[in-house]
Amino acid sequence: MADVRVSQETKNSIAVLRPPNTAFHQQRLATWEPAWTPKAIWPILMAVATVFLSIGLALLYVSYNTPEQVLDYTDCQSTEDPSRRSCAEIIDHNPGTVCSCSIIFTLDRAFPPPVYLYYALTNFYQNHRQYTLSRDDGQLQGVLSKTPSERCRPFDFAKHGDELRPILPCGALANSLFNDSFTLTVLASPELRTPVPLVGGGALWPHERGLKFRNPKGDLRLLLSKYARPPAWSRELWELDPANPDNNGLQNEDFIVWMQPAALPNFRKLFRKVAHLGTTFERGLPSGNYTLRINYSYTVKSFFGRKSVIISSSSVLGARNPFLGWAFITVAIACLIFACLLYAF
């Protein structure tokens, strides 16, 4: 065997690198490990249950004290039909028409600012995979193409006279755009009616209009003359908001809000908010009688759904949503049950 010799310099280097022979450096310090017995765990669970129950009750208190009014108008009666049929029946027999109806309701309490107006749908599964994928992201970013994405089928082409034109925006998601509109009025007396000013804005992140949804550069009316609108639409893409030219096309706020699919079959989406500054409603909506006038054109009969308008104020936790409070209380009850079971051992 070869004679292996270690120089004195190497020995000194090894000695310097070796940790000191102490309890700390050699990990010989005394340690403590808790004994997780049932009698040691149940007080912890009781403490967790107390904390979660307190938070849950506080959240429910704030949520249920947030003013909210829900108005279901699915079977709203037409104000223009002599036989007083419901708008749902009229739309079912005449698809594509617009029916007018109104609902008189009372706010039992004042709604402090800010006050928001939502529309809500039930039994509408916006989270279906084929439905959410039925879109052309290139189109939505302002890239015009004569051949929409295959994912848009069967809402990719539509007949325009004898010509077959590409649909913009294509896909089932865009085709099913919610298109009812609402007007809110205060009834101070049978003769005195004060319209409540409703404005848009505040429902989008800045990047959504800057990156995900962009209009092609140029005159929208001219650029889109060779394209067809979705079959279920009653207005052209460039006239979604006639009152605000900057809120048209693929950057229309209502369109972008709709193109964000909801996770659950029962959902609400922000429609408008009450203009408070510089109006008679600076302190919110007063209690009293109101009229909600509806331009009814969106059918929900095909999926056995319901639709409603929700008027709500905003608290420190946002709109009324008791789910989080009940979630905390559920965890508290579960901890309490386990604590009682462990205490019995």
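Which residue in β7 is the bridge partner of T185? P195 is. This is a predicted model, where local features need pLDDT of at least 70, side-chain atom pairs count only at pLDDT 80 or more, and totals for chains, interfaces and linings use all residues. Residues are numbered from 1 along each chain as its sequence is written, and side-chain values use heavy atoms, with hydrogens and water left out.

**The sheet**
- Four strands make an open, antiparallel sheet in the order β2-β10-β6-β7; strands here are DSSP runs (E, at least two residues), numbered from the N terminus, and two of them pair if DSSP finds at least two bridges between them.
- At the edges sit β2 (99-107) and β7 (193-195), each pairing on one side only.
- Strand β6 (residues 181-187) is joined to β7 by three bridges.

**The disulfides**
- There are three disulfides in the structure, a disulfide being a pair of cysteine sulfur atoms within 2.5 Å.
- C76 and C101 have their sulfur atoms 2.4 Å apart, and both are buried (under 20% relative accessible area, with a 1.4 Å probe and protein chains only; exposed is over 50%, partly exposed in between).
- C87 pairs with C99 at 2.0 Å between sulfurs, and the torsion about their S-S bond is about -65°, so this disulfide is left-handed.
- C152 and C170 form another, also with sulfur atoms 2.0 Å apart, and both cysteines are buried.

- C335 is in no disulfide, and the nearest cysteine sulfur, in C340, is 11 Å away.
- C335 is buried at 13% relative accessible area, while C340 is partly exposed at 48%.
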